[in-house]
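Please read them alongside the coordinates.

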Amino acid sequence: MADAVDLVLAQWSVQRPDVDTSPMAVLSRVTRLSRLLERELREFLAHYGLEPGEFDVLTTLRRAGATHGMTAGAFLSASLVTAGAITNRIDRMAAKGLVERVPDAADRRAVRIKLTLRGRELVDGMLGEHVAHYARLLEPLDDRTRLVVADALRTLLEVCE
């Protein structure tokens, strides 16, 4: 069964038979899949009034499990967010009542980012649906193939990061 990437590869094989385009067979599909998953995630999150970066904040804080919150430094280490993006996201989310900034009891100069009850209830309520959706997307792959794909992608990420 051919897909759009196969068409691109076939076109390149005619136009530039001297170039080995086999790396495109994997990476073009990863790129296309990333775009499709990002679109689906945005549509899912829109039902909850969230953007992907906000969802990342909620899930990072929830995964940490700390009821006293996380410092900005700890948050950066645990999340997929860059330092420049944190302040704006936290401001927006605090305005929505999903997170709050609280003084660090051990260091008065530091501030912790903490889920509010509303933020925790939101992420807990949507996580099952989110994971179930991901599982549906992976249904065409058997368990062994999922493991092979996950391992291969992990290897590529280790090289690229």
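1. Val149 is partly exposed, at 36% relative accessible area; the classes are buried under 20%, exposed over 50% and partly exposed in between, with a 1.4 Å probe and protein chains only. Val149 is located in helix α7. Helices (H or I, at least four residues) and strands (E, at least two) are DSSP runs numbered from the N terminus.

2. On provenance: this is a predicted model, in which local features need pLDDT of at least 70, side-chain atom pairs count only at pLDDT 80 or more, and totals for chains, interfaces and linings use all residues. Numbering starts from 1 along each chain as its sequence is written, and side-chain values use heavy atoms, with hydrogens and water left out.

3. Val149 is one of the residues of a nonpolar surface patch, which also includes Val26, Leu27, Tyr134 and Leu156 and has about 920 Å² of accessible area together. Patch members have over 30% relative accessible area and no salt bridge; nonpolar side chains (Val, Leu, Ile, Met, Phe, Trp, Tyr) are joined within 5 Å, like charges within 9 Å. Areas come from the Shrake-Rupley method with a 1.4 Å probe, and for residues only the protein chains shown count as cover. Helices α2 (22–46), α6 (117–137) and α7 (143–160) each supply at least two residues, and α2 gives the largest share, 5 residues.

4. The open sheet has 3 strands in the order β1-β3-β2, paired antiparallel. The edge strands β1 and β2 each have a single partner, so one side of each is left without a neighbour in the sheet. Pairing requires at least two DSSP bridges. Between β1 (residues 70–71) and β3 (residues 111–115) there are 2 bridges, whereas β2 (residues 99–103) and β3 share 5. Thr71 faces Arg112 of β3, and Val99 has Leu115 of β3 as its bridge partner.

5. There are 13 salt bridges, each a side-chain nitrogen of Lys or Arg within 4 Å of a carboxyl oxygen of Asp or Glu. In one of them, Glu54 and Lys96 have their closest N and O atoms 3.0 Å apart. Glu54 is in helix α3 (residues 52–64) and Lys96 in the loop between α5 (83–95) and β2, so the pair ties together parts 42 residues apart in sequence. Glu54 is buried at 1% relative accessibility, while Lys96 is partly exposed at 28%.

6. Arg112 also forms a salt bridge with Asp104, at 3.3 Å between the closest N and O atoms. Asp104 is buried at 9%, as is Arg112 at 18%.
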